[in-house]
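Have the structure open as you read.

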Amino acid sequence: MLSYVIFSLTTAGIYGLLALSLNLIWGGAGMVNLGLAGFFAVGAYASAILSLAGVPVPLAILAACVVGAATGIGATWATVRLRGDYLAIVTLGFAEVVRLVAMNERWLTNGTDGLPGIPAPLKSVLGPQGFAVFYLCLVLAILGAVFFLLRRLDLSPFGRVLKAIREDQDLAGFAGKNAMRVKLIAFACSAGIAGLAGALYAHYQSYISPDHFQPLLTIYIFLAVTSGGVGRPAGAFLGAFLVILFLEGTRFLGHLLPGLSSGQVAASREMLVGLAFLLVLHLRPQGILPERIRPAPRSQP
Amino acid sequence: MTDIFQAVINGVLTGALIAIPAMGLTAIFAVLRYVNFAIGSLATTGAFAAWMLNTHAGWPVLPSMAGAFVLVAAAGLAIEQAALSRLRPSGALTVAIASIAVGIILENMLRFGFGNDLRAFDLPLMRDWRFWGLRVGPQQLQTAGIALAIMAAVFAFLRFTRYGKAMRAVADNPDLARLFGMEPRRIAMATVALGTGLTGVGGALLGLDSAIDPMSGSRLLLPIFAAAVLGGLGSIPGAVAGAILIGIGEELSLLVIPATYRSAVGFLTILLVLSFRPGGLFGERAA
Amino acid sequence: MTQTTRRQFLASSAILAGSFALPLRALAQEGPIKIGTLTPLTGAGGPYGPVMADTVKAVVAGVNAAGGVLGRQVEVISEDDQTNPEAGVRAARKLIDVDGVSAIMGTWASSVTTAVAPLCWESGTMLTTVSGADSITLLPHEGYIVRTQPNTILQGRKFGEFTVELGAGKVFFMSPQTPFADSQFSEITKVVEAAGGSTAKLIYDDKKPTYRSEVDELMAFEPDVVVLGGYMPDTTVLLKDIYRAGYEGKMLAFAYSVNQKLVDALPAEVVEGIYTIAPSPAEGSAAYKALTELTGIAAPDPYTTQIFDQVNMVLMAIAAAGDASGSAIRDSFRTVSQGDGKPVHTALEGLEAIAAGEAVNYDGASGPCDFTEEGDILDCQFRYEQVKDGAFTLLKIA
């Protein structure tokens, strides 16, 4: 049981990083990234490929952040000036392209076989259980560090500019801030954090494949950020742990439905995930930890 | 040269199918200003509805399609009332995200009821007609014909009926519509019924052409979105043009790139078009 | 923190983690024997996973009704891998750490199996799979993986040989991107070229509503035989477009994609004459017959036949070892699957023989079920069938 809890907490920590990444641009700048799984994949593959080629793991993880951020800029430089809806759909398409490349470019990614044997730092020294404990600490430490950096950012002038842009892009433009540049930087940071999460996942699992990075993961992270509270890092943090608690908790409800086939039990579980999502949106549209700064009254579109 | 003509024909036929749900998506966006991610599952619902009517109730194809429209429109209205409309004050993005949840629930309701097995309409299949080295399927032509008729009906509805005119007015300017004494709520509901109903028929037509399982609609989410975005969200002629362009683009691309990258073509097309026209081909606003 | 103290800290936390895991192991000796299924109930593998999970439940229900294994009841815990290794790993952790299952059966997608495998060998849990990627049995799995799906080299060669037998000079291979598409194609090519023929392949995107232009490429090659490497949903769409294009030649597919459900869903003229290949037991197999009676399915899917064999062998291995742990299953697996023992065809039959002190050799519904040290099928026959008037006609087993 304990090793299950340790595993779930580690996964929640990695989800937490993704939630912070999403919160930075969604809560921060009002941009929606439906391609989160794509940036997660880019980071995971970057770190895996580099470390399999002999680069030390810490360096590979750092490189994954940089590659993630660069990909973020590449994917959005043309679209960052678009309305939110357009950006959302472009990022959704981006994630699909990442999956296609991972599937088809065998020379780089080993195709649909995936990359096994990704170095897991210190695992040979610590053994499986020691490694699990160590990795949980590592992920939580990194999550904590990113969390505090983002909180600092939230309160910094850059953070305030971001929020101003979210509320009214034109106004922020008038005030002399280069809105496009600020948004691009925010998106790059966000993609970098998603890349970091991907790298941590790859070294934790030692195996990644194109199948790992399906859109469902992005949906889970949206669930985390929405339920925790958009616009507040602590909300994203809390939301990620709640999502894992919920996803894992619903497994134990199966026997409450006797007489259903295996397929129906699985369908019920997914329905429950959707329903919970809807309920949270209805009951607490601002999330469990709402943003503390009241947003300026927004003009009716 | 024949290759190119054939690819264009194939593209138009596929595009005509994608166009119907894309019109539904864009109509809802035009009036209610949110992107409805549930359309994938709504299309699947339409396919299952038409399939049930055709194979279990013994209805012919056309009435089954009409039945799919009505059933999915009713489902769409119920969803809008129960799950989405109250979220509108929280912003369009919140509604869009809630529609993702609705999509998950719908897909799994279908899975619960029908299982994951494949279904197909109980219709004989016809060989293609061949001429000048090209080939066209009679059934594809028929399906494309139905799609065209639906498009024509929608355009006529928007141009000549009171509701249609009101929808266009609200789409252009919500405040203006209020001045004309039209109740925005009823117009919104009529739009939801039209948009989701179209998506349902679109799904049924796609099911007629291929096969149906609980994920058949969600597999098409990307091309549908790409079509609507390419044409400019909110523009109904744009959705049709976008769908046909993406259809042709995908088929033509097969002549030069591996078939596995077909899905990427739609994405690259929208990236390219949006770089030059940020509002899409027929988009009304730039940002 | 100095070097030594950090090492001490890490060591002590490892001991701490270990000590928490211990009582659970001890507890697992009481109460029912727990085994798990991890099949795709949602996602791309959805057409296959539910019936696999339900088959295991049906087998176990029969065994429990006859008194269970080692005098204990058997409990099956079914989890959904969502055809997604990320979700699959979470589900497997729950099966291993919380339920304490000693075997996980039925992983389908190669990516899920590869992701779950390390958890299994690290925790000493048996893993039986139907995944096709050759790389799986090459993992350092210490004997904890057994695969009932023949590997690609064996299968590819059979496909190639059969196309030659059908008189093919030109063979066109169409498949979505899978871990075995490339190697299967190269095996087919080897055989066909040796017989003086030629081959071509097209890897397609398996999410498309139509494949007209892909089929145009097929028609341009003018093949004698088309080999279909996909799964049920994409193959359905593809077959319709191949028919519409007026292709009159022969077609050959995996029996798991062109199966009874696909044949029922499509008009008879579209599927008429398609050949299928599946790993198979000898003709008139008692296990195959037992499976059709148990599930009520006249022509069970190859995956269903395989998971039926997996659960039978796992239950017998537990009985033969006199111990329900994962390592005991691993150690005694081959004593029940192969050897000179009495041939048995169901768990019920085998358990009875084992209780009577006899050695057994299981002959299953998917084949003789004899395995190499690496966990691959030693040898198996294949079942060649052809669709005639909406039903499968057995051509030969060879």
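This is a predicted model: local features need pLDDT of at least 70, side-chain atom pairs count only at pLDDT 80 or more; totals for chains, interfaces and linings use all residues.

## Helix α11 of chain A

α11(A) is mostly covered, with 12 of its 17 residues buried (20 or more other C-beta atoms within 10 Å of the residue's own, with C-beta atoms placed from the backbone). Helices here are DSSP runs of H or I, at least four residues long, numbered from the N terminus. Among the buried residues are A:Phe237, A:Leu238, A:Leu242 and A:Glu248. Their cover includes α1, α6 and α10 of chain A, plus α3 (85-99) of chain C.

Residues are numbered from 1 along each chain as its sequence is written, while chains are lettered from A and ligands numbered from 1 in the order written.

## Helix α8 of chain C

Over in chain C, 13 of the 13 residues of α8(C) are buried. Its end C-alpha atoms sit 19 Å apart, which agrees with the 18 Å that 13 residues should span. Just after α8(C), C:Gly246 takes a positive phi of about 85 degrees.

## Where B meets A

Chain B puts 39 residues in contact with 37 of chain A (C-beta atoms, placed from the backbone, within 7 Å). On the chain B side, α4, α9 and α11 of chain B each give two or more residues, and α4(B) gives the most, with 13.

Technical notes
The expected span of a helix is 1.5 Å times one less than its number of residues. Two residues are in contact if their C-beta atoms, placed from the backbone, lie within 7 Å.
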